[in-house]
Amino acid sequence: MKIALFGYGKMGKMIERLAVERGHEIVAKIDVGNEALDFSKMDVAIDFSTPDAAYENIKSCIDNNVPVISGTTGWLSKFDTIVDYCEENEGAFIYASNFSLGVNIFFELNAYLAKMMKNLSQYKVSLEEIHHTQKLDAPSGTAITLAEGIIAHTDYNGWKLDEPGDDQIGISAKRIGDTPGTHTVDYTSSVDSIEIKHTAHNRKGFALGAVIAAEWILGKTGVFTMKDVLNLG
Ligand SMILES: NC(=O)c1ccc[n+]([C@@H]2O[C@H](COP(=O)([O-])OP(=O)(O)OC[C@H]3O[C@@H](n4cnc5c(N)ncnc54)[C@H](O)[C@@H]3O)[C@@H](O)[C@H]2O)c1
Ligand SMILES: O=C(O)C1=N[C@H](C(=O)O)CCC1
């Protein structure tokens with residue numbers, strides 16, 4: 001498979017390594033713009049760029065009939081626009097706030113726990129995410145997905161960084177060293193706490209999930225999620 005990388009930073013480089021190990025060829029490494037690209041050489045594009053760049057990168061792939069996988073976070077105000085654009089133009093697109101298998105299992109666990117906690121008003125939920133100091137966005141895309149997973153199954157009415165209202169889920173975002181990504185969901189009452197936690201040990205899990213998504217999307221049309229790719233419940 002001929003892969004174009006949009007974004008050749010920490011993730012782009014890790015994806016290159018794993019893609020080559022799996023027998024794929026990297027045909028483009030785009031790190032500052034996409035003016036003179038030959039889209040006809042690409043079977044699929046993988047975008048791990050920046051919050052400011054992701055939308056245009058994804059749109060240009062759809063315009064050129066190249067299936068696109070995006071893991072870039074921090075641009076979700078334009079997500080619905082891209083979904084509509086992809087569907088109108090019969091493109092192929094997958095976004096995931098987190099491509100790792102472990103986190104996608106964690107998302108399912110989070111939804112299951114939220115359903116059980118729905119009527120237990122003595123427990124207040126909160127989220128904590130810890131990432132490296134170079135991260136541009138906060139809270140992390142993964143923390144937002146976790147919050148949305150809880151909101152879908154409970155009476156919480158949104159999320160807020162740091163100081164939530166009574167009906168909001170509080171998210172605390174910490175930036176420490178080179179932490180690849182740690183997420184904790186905590187339900188606390190006056191007598192006890194229940195915690196679930198995912199800890200990434202490195203970036204390989206994110207990169208492998210993105211390459212697997214790129215392999216999976218070939219030949220398909222539509223907007224998909226990692227739940228489709230991994231066939232999770
Ligand atoms: N979904 C996931 O599983 C997952 C995992 C890790 C990181 N991420 C996200 O992926 C993104 C990239 O993470 P990273 O750690 O590689 O960051 P990084 O800063 O190391 O790399 C981003 C690269 O994008 C480049 N860039 C800037 N403008 C560009 C443009 N117009 N087109 C293409 N590239 C451009 C930058 O020069 C930089 O090299 C971030 O949004 C991060 O939150 C997602
Ligand atoms: O390193 C990052 O940046 C990460 N971003 C994603 C997020 O915002 O959730 C996934 C974890 C790593």
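Modeller: In this predicted model, Glu-90 lies in the loop between α3 and β5 (92–95). The phi angle of Glu-90 is near 50 degrees, a positive value in a residue other than glycine.

Two packed helices are described by the angle between their axes and the distance between the axes. On the α2 side, the contact is made by Tyr-55, Ile-58, Lys-59, Ile-62 and Asp-63. These residues meet Thr-81, Ile-82, Tyr-85 and Cys-86 in α3. By class, the contact of α2 with α3 has 6 nonpolar, 1 polar and 2 charged residues.

At the scale of domains, the protein is divided into domain 1 (2–99 + 204–230) and domain 2 (101–199). The centres of domain 1 and domain 2, taken over C-alpha atoms, are separated by 26 Å. Domain 1 gives 12 residues to the contact and domain 2 gives 14 residues. The size of an interface is often given as the accessible area lost when the parts come together. Between domain 1 and domain 2 the buried area is about 1000 Å², and carbon and sulfur atoms give 54% of it. Within domain 1, the residues that lose the most area to domain 2 are Lys-10, Ser-97 and Asn-98, together 41% of what that side buries.

Across the interface of domain 1 and domain 2 there is 1 salt bridge. Lys-227 and Glu-108 form a salt bridge in which the closest N and O atoms are 3.6 Å apart. The count for the model comes to 10 salt bridges. Another pair is Lys-29 with Glu-16, where the closest N and O atoms are 2.9 Å apart. Lys-29 lies in strand β2 (residues 25–30) and Glu-16 in helix α1 (residues 10–21), so this pair ties together parts that are 13 residues apart in sequence.

A further backbone feature concerns another loop. Pro-139 is placed in the loop between β6 (124–131) and α5 (141–151). A cis peptide bond joins Ala-138 to Pro-139, with omega about -5 degrees.

Conventions:
Residues numbered from 1 in each chain as written. Chains lettered and ligands numbered in written order. Predicted model: local features only at pLDDT ≥ 70, side-chain atom pairs only at ≥ 80, totals over all residues. Heavy atoms only, no water. Contact = heavy atoms within 4.5 Å. Helix = DSSP H or I, 4+ residues; strand = E, 2+ residues; numbered from the N terminus. Nonpolar A, V, L, I, M, F, W, Y, C, P; charged D, E, K, R; others polar. Domains from an automatic or database assignment. Buried area = accessible area lost by both parts, 1.4 Å probe. Salt bridge = Lys/Arg side-chain N within 4 Å of Asp/Glu carboxyl O.
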